[in-house]
Amino acid sequence: MQAHDYDRLMQANLATVFSERDHERRLAAIAGLYTQDAVLYEPEAAVSGRAAISDAVAELLDSLPPDFIFTAIAPAIGHHSVGRLRWQAGPPNGITIYGMDIAHFEAEKIRSLYVYIEPRI
């Protein structure tokens, strides 16, 4: 069984895909991190393929203020090719959203990514 660097891969996804507003840089990051036919599962939708994943992230980022940032709460952990990263997001002066990504890896790339948004308590 192949060992994955879950923290490096999932932190890179958070920083260079979900926090990247430049289309070309985001597409390049996705090409390096995702399989060709990867699937992104969000609470309300699912998309397949690198271009569709970039478009979904662009739509998300376009709906958020420009200073909205995503940061990891703790290092990612994983086993058996499945990793988990807990994150927070919001403006620099206050966090407004908490969530978690679950990724299935294949050959050191994300094959599928499930995004969970934590309910506000």
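## The largest pocket

Helix H3 (50-62) and strands S5, S6 and S7 each give at least two residues to the lining of the largest pocket, and H3 has the largest share, with 3 residues. Helices (H or I, at least four residues) and strands (E, at least two) are DSSP runs, numbered from the N terminus. This is a predicted model, where local features need pLDDT of at least 70 and side-chain atom pairs count only at pLDDT 80 or more, while totals for chains, interfaces and linings use all residues. Residues are numbered from 1 along each chain as its sequence is written, and side-chain values use heavy atoms, with hydrogens and water left out.

The largest pocket has a volume of about 300 Å³. Of its 16 lining residues, Glu42, Pro43, Leu60, Val115 and Ile117 are the closest to the centre. A pocket here is an open set of points on a 1 Å grid over the protein atoms alone, where a 1.4 Å probe fits, with protein on both sides within 12 Å along at least five of seven lines; lining residues have an atom within 4 Å of a point. The volume is the space filled by probe spheres set on the points, which are joined across faces, edges and corners.

## One face of H1

## Salt bridges

There are 4 salt bridges in the structure (a side-chain nitrogen of Lys or Arg within 4 Å of a carboxyl oxygen of Asp or Glu). One of them pairs glutamate 108 with arginine 8 at 3.7 Å, N to O. That pair links distant parts of the chain, 100 residues apart: glutamate 108 is in the loop between S6 and S7, and arginine 8 is in helix H1.

Arginine 111 and aspartate 37 also meet in a salt bridge, at 3.5 Å, N to O. This pair spans 74 residues, from strand S7 to strand S1 (residues 34-42). As for networks, salt bridges that share partners join Asp5, Arg8 and Glu108 into one.

## Positive phi

Back to glutamate 108: its phi is positive, about 65°, although it is not a glycine. Serine 81 also has a positive phi, near 70°, and sits in the loop between strand S4 (77-79) and strand S5 (82-90).
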